[in-house]
Amino acid sequence: MAKLKSILILGSNGFIGAHLVSWFRDQDVFVIGIDQAEASNGSLNLQPPHEFVRLQLPDTQFTEILQRYQPDAVVNAAGPASVSNSLTDPGMDFRGSVEVCFHVLEALRQELPDSIFLQLSSAALYGNPIELPIQENAPSQPISPYGYHKFICETLVEEYAKIYKLQTCVARIFSAFGPGLRKQVLWDIYQKYQAKDKITLFGTGEETRDFIYVGDIVQGINLVLEKGDHQGNIYNLANGTEVSIRVIARFFLDKLNLHDTEVFFSGINKTGDPQKWRADIRKIQELGYTPKYDLERGLEEYAKWIKEDKGS
Ligand SMILES: NC(=O)c1ccc[n+]([C@@H]2O[C@H](COP(=O)([O-])OP(=O)(O)OC[C@H]3O[C@@H](n4cnc5c(N)ncnc54)[C@H](O)[C@@H]3O)[C@@H](O)[C@H]2O)c1
C-alpha cells in the first residue's frame, strides 16, 4: 500500500506505543494516541502524538474517535504486558487483552473497515517450542494466561479478516528492551542493584531469549503495515539470535560499568517462563526487515538511558 498518512496508536504512552508515536511523527504521519494513563516518558525525549485522547478501552467514545480521525491504520499496543500479573489476576489480563481487542475490531468493522489493524502479540504464545528457530506456523502451546489470551486475540484478528474481510495482521514480538522499559529481566537486575540486594534471578541462567531492541520493533511494525499481507497474517518480530540470560545479564552490567557486580541464579523455574527461544525471522525479512541494533548497540542505548534517568 501507499505510505500511511495517519495512524492511531492504542497504548500510546506505553513502552512500545510511545516509541511508535514518535517514530511515525518523524515520518510525517499524522498520529493520534489513546491511552488510559497520562504520559510519563519525560526522560525519553520522544515526540507526543498530534492528538491525544485519554480513554480506558473498551469505551463507546472509541467509535467517535474513528469517525473523527479516520486513520489509515490502527496499532493495538495497549493492554497488559506481564506474564506474572496474568497468573495472579487472569481476569484483568483477559479484559485488558481479549475484550479490548474484540471491541476495537468490532468498532473497525462498523466504522472503518478499510483501515489496517495491527495487533501486538507475543512469543509467549509458543510456550516451550518443539524446535528452534521458531517459525510462525509452529504450534501454539502457551504456558501462561497471558499467552493464552494473546492466542485468543490472534484468533479474533483472523476471524475478522476471514469473515468480515477486514485488513488485519499480527506482530509476534519476542523479548523487547530499550529506553523506557521499566519491567522484565534487565530492569529487575538494575532495580536489585540499586536496592543493594544480592542479584538473584530465577532459573539456571542457561535459558535463552531472542532480544529485540525497540528501534527494530518500530521498523518491523512499519514494514508489516506498509508491505505485509493483511489477511490475518502473522509475523515474528525478533532479532533472530539467541542469548542466554547469564550472558546478557553480564553484558548489561558491564554496559552499566558494574563490572564487579555478580549475578546468581536460584535454579527455580518461574511459572510461565519458557526455556529456549529463537525466532525464525525470514518472513519479515522478506518485507525488507534487517535488525539495525545488535545486542551490543541496543544494550548500550538502554544502559545509557538508565544511567541518565537514574531509574526515576
Ligand atoms: N514489552 C515486551 O517485551 C513485549 C513483548 C511482546 C509483546 N508485547 C506486547 O506489546 C504490547 C505493548 O507492550 P508494552 O511493553 O509497551 O506495555 P506497556 O505496559 O508499557 O504499555 C501499555 C500501554 O497501554 C495502556 N493501556 C493498557 N490498557 C489499556 C486500556 N484498556 N485502554 C487504554 N490504554 C490502555 C497503558 O496505560 C500503557 O501506557 C502489549 O500488548 C504486550 O503484550 C510486549
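How many residues of domain 1 are in contact with how many residues of domain 2? I counted 24 residues of domain 1 in contact with 22 of domain 2, contact being heavy atoms within 4.5 Å.

Basis. I worked on a predicted model, where local features need pLDDT of at least 70, side-chain atom pairs count only at pLDDT 80 or more, and totals for chains, interfaces and linings use all residues. Residues are numbered from 1 along each chain as its sequence is written, and side-chain values use heavy atoms, with hydrogens and water left out.

Domains. I took the bounds from an automatic or database domain assignment: domain 1 is 6-176 + 212-237, and domain 2 is 178-209 + 241-277 + 293-309. Their centres, over C-alpha atoms, are 26 Å apart.

Interface. I looked up the buried area (accessible area, 1.4 Å probe, that two parts lose on being put together, summed over both). For domain 1 and domain 2 it is about 1,800 Å², with 62% from carbon and sulfur atoms. On the side of domain 1 that touches domain 2, I noted 15 nonpolar, eight polar and one charged residues; Ala, Val, Leu, Ile, Met, Phe, Trp, Tyr, Cys and Pro count as nonpolar, Asp, Glu, Lys and Arg as charged, and the others, Gly among them, as polar.

Thr168. I found Thr168 buried at a relative accessible area of 0% (buried is under 20%, with a 1.4 Å probe, protein chains only). Gln231 is 63 residues from Thr168 in sequence, yet their C-alpha atoms are 5.6 Å apart. Not counting residues up to four places away in sequence, Thr168 touches residues including Leu105, Phe117 and Gln231.

Definitions and conventions
Buried means under 20% relative accessible area, exposed over 50%, partly exposed in between (1.4 Å probe, protein chains only).
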